[in-house]
Amino acid sequence: MTEVQLHTLEELDQFVAGAGKRLLFKHSTICPISSAAYEEFQAFLREQELPAAVILVREDRPVSNAVEERFGIKHESPQIFLVEDGQVKWHTSHWKITKDAIREAVQG
């Protein structure tokens with residue numbers, strides 16, 4: 001399954017409001033750490049069917065900022081969130097974003 005990109009607050013609202021577990025990834029296209037984390041995210045998605053979305057933090061800064069405001073979780077990049085029924089159940093950032101960490105969070 002491939003992820004969708006969120007460009008507007010409406011798209012963010014729609015994605016977060018969806019039922020069940022879903023992954024939200026904040027990505028900086030100019031950061032090597034973010035690129036490595038994005039590869040891990042992609043590797044997880046190749047093995048699991050789970051709704052997933054990406055926010056490009058530089059290109060779509062208002063959407064990125066809205067995530068911090070809505071969930072009260074300090075912005076970092078890269079950053080991943082496991083959202084279930086509109087609530088963040090797990091999140092991490094930087095080198096802690098691995099395929100195994102994501103799998104563990106989703107199954108937990």
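Two strands count as paired here if DSSP finds at least two bridges between them. Keep that in mind, because strands of a sheet pair through backbone hydrogen bonds, either parallel or antiparallel. Now a first case. Strand 2 and strand 3, residues 52-56, pair in the parallel sense over five bridges. Within that pair, Phe25 stands opposite Val54 in strand 3.

One caution before I go on. This is a predicted model.

Let me step back to the whole protein. There are four helices and five strands. Read along the sequence, the pattern is β-α-β-α-β-α-β-β-α. The radius of gyration is 12 Å, close to the 13 Å that the globule rule gives for 108 residues, so the protein is as compact as a globular protein of that length. The C-alpha trace spans about 30 × 30 × 25 Å along its principal axes.

What share of the 108 residues is buried? Buried residues make up 45%.

The protein exposes about 5,700 Å². Carbon and sulfur atoms supply 49% of that area. On charge, there are 12 positive and 17 negative side chains. The centres of those two sets lie 4 Å apart.

Let's walk across it. Start with strand 1, residues 4-5. Strand 1 pairs with strand 3 in the parallel sense, over two bridges. Gln5 stands opposite Val54 in strand 3.

Next comes strand 3. Five of its five residues are buried. Look at the two faces. On one side sit Ala52, Val54 and Leu56; on the other, Ala53 and Ile55; all are buried.

Then strand 2, residues 21-27. This strand is mostly covered too, with six of its seven residues buried. Its parallel partner is strand 3. With strand 4, strand 2 runs antiparallel, joined by six bridges. Lys21 has Glu84 as its bridge partner in strand 4. Arg22 has Val83. Further along, Lys26 stands opposite Gln79.

On to strand 4, residues 79-84. Is it enclosed or open? Five of its six residues are buried, so strand 4 is largely enclosed by the rest of the structure. Six bridges join strand 4 to strand 5, residues 87-93, and those two run antiparallel. Pick out Phe81 there: its bridge partner in strand 5 is His91.

Some background first. Most residues other than glycine have a negative phi, and most peptide bonds are trans.

First, the peptide bond between Ser77 and Pro78. It is cis, with omega about 0 degrees. Where is Pro78? In the loop between helix 3, residues 61-71, and strand 4.

Second, Asp85. Its phi is near 50 degrees, a positive value in a residue other than glycine. Asp85 is found in the loop between strand 4 and strand 5. Those strands form a hairpin with two residues between them. Is Asp85 buried or exposed? Its relative accessibility is 54%, and the cut-off for exposed is over 50%, so Asp85 counts as exposed.

Third, His94. Here too phi is positive, about 50 degrees, although His94 is not a glycine. His94 is found in the loop between strand 5 and helix 4, residues 99-107. At 27% relative accessibility, His94 counts as partly exposed.

To recap. Strand 3 has five of its five residues buried, and strand 2 has six of seven. For the backbone, remember the cis bond at Ser77 and Pro78, and the positive phi at Asp85 and at His94.

How values were computed
Residues numbered from 1 in each chain as written. Predicted model: local features only at pLDDT ≥ 70, side-chain atom pairs only at ≥ 80, totals over all residues. Heavy atoms only, no water. Rg over C-alpha atoms; globule rule 2.2 N^0.38 Å. Buried < 20%, exposed > 50% of the residue type's maximum accessible area, 1.4 Å probe, protein only. Areas by Shrake-Rupley, 256 points an atom, 1.4 Å probe, with all protein chains shown as cover. Lys, Arg positive; Asp, Glu negative; His and termini not counted. Charge placed at Lys NZ, Arg CZ, Asp CG, Glu CD.
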